[in-house]
Amino acid sequence: MGFLDYLPKLCSLTSTRRGKRKVMQTVEVKVKMDCVGCEKKVRNAVSSMRGVKSVEVNRKQSKVTVSGYVKPDKVLKRVRRTGKKAELWPYVPYNLVYYPYAHQAYDRKAPAGYVRNVAHPLPAPNSPADNLATIFRKGKVKMGYLDYLSKLCSATSTRKGKRKVMQTVEVKVKMDCEGCERRVKNSVSSMSGVKSVEVNRKQSKVTVSGYVKPDKVLKSVKSTGKKAEFWPYVPYNLVYYPYAPQSYDKKAPAGHVRNVAQPLRSPTVNDKLATMFSEDNTDACSIM
């Protein structure tokens, strides 16, 4: 027999041990990297492993992707040797789970379009949630993100939440220096739903725009230790008696008075003359 025919027979006679063939796989690890130095340190630690073919590091997503003939536990162990807190990538695309916005799946730190990979109870067969998930998975209907979300919520939950309304809240708070101004601004800016914050230290006024509630904005400002109240002033031309004792306030900004209830003024001669004419039909005149 030839040499090549003899060699495998010889190996089978001399050894009965069979080694497991390593499989090419991709391992994803979540690890926080604060700077370029941290990113380089993690990359070098993983690249030096035996069997590694490629390493991709995404510092913005705190994600390291390793491809090669490696084991996930060994990759994770090597990343942790750099002194960083690491775990296997815990997220999956939201369209791969039945309930992507369940409490245990939602994670505000997850990248856009991802949720936590947790066990979900399967919906009942032929239920609205099951039918919707099947249609979305198979791609029978091309649905946008908002369409899918609205249909999923209506199918899995009967609770209707109130939609928050975009509004502007004005608060009066005295700020003596730039430090006070910065403290108040940071306190309000950290609130959920806030879109913009304007601070006018000269007028002692803070204007907050966004999907917020006025009482929560006022509470956030008061948490800085400042005495605050809702903006009590209105332009003087919006009230009948801007110089009435209860309206006038010498501390009010120029052109503003206090927003207090006032009795309606009685019709005067000027009011009666104004009502004689009609802007819609100039030919019609009560005088004629």
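This is a predicted model: local features need pLDDT of at least 70, side-chain atom pairs count only at pLDDT 80 or more; totals for chains, interfaces and linings use all residues.
Where is the place of serine 204? Serine 204 sits in the loop between β8 (194–200) and β9 (205–210), where helices (H or I, at least four residues) and strands (E, at least two) are DSSP runs, numbered from the N terminus. Residues are numbered from 1 along each chain as its sequence is written, and side-chain values use heavy atoms, with hydrogens and water left out.

Serine 204 has a positive phi of about 55 degrees although it is not a glycine, and with a relative accessible area of 15% it is buried, buried meaning under 20% relative accessible area, exposed over 50%, and partly exposed in between (1.4 Å probe, protein chains only). Most residues other than glycine have a negative phi. Serine 62, in the loop between β2 (52–58) and β3 (63–68), likewise has a positive phi of about 55 degrees without being a glycine, and it counts as buried because its relative accessibility is 15%.

Now to the rings. A search of the whole structure finds 2 aromatic pairs, where rings of Phe, Tyr and Trp (its six-membered ring) pair if their centres lie within 6.5 Å, and planes under 30 degrees apart count as stacked, over 60 as edge-to-face and the rest as tilted. The pair of tryptophan 89 and tyrosine 91 is edge-to-face because the planes stand at 85 degrees, with the ring centres 5.2 Å apart. Tryptophan 231 and tyrosine 233 form an edge-to-face pair, with 5.2 Å from centre to centre and 85 degrees between the planes. Tryptophan 231 is buried at 11% relative accessibility, and tyrosine 233 is buried at 4%.

Lysine 205 lies over the face of tryptophan 231, at 4.8 Å from the ring centre, and lysine 63 lies over the face of tryptophan 89, at 4.8 Å from the ring centre; the rule here is that NZ of Lys or CZ of Arg is within 6 Å of the ring centre and within 35 degrees of the ring normal.

Finally, the sheet. An open sheet of 4 strands has the order β2-β3-β1-β4, with antiparallel pairing, and two strands pair if DSSP finds at least two bridges between them. Because β2 and β4 (86–88) each have a single partner strand, they stand at the edges, with one side of each left without a neighbour in the sheet.
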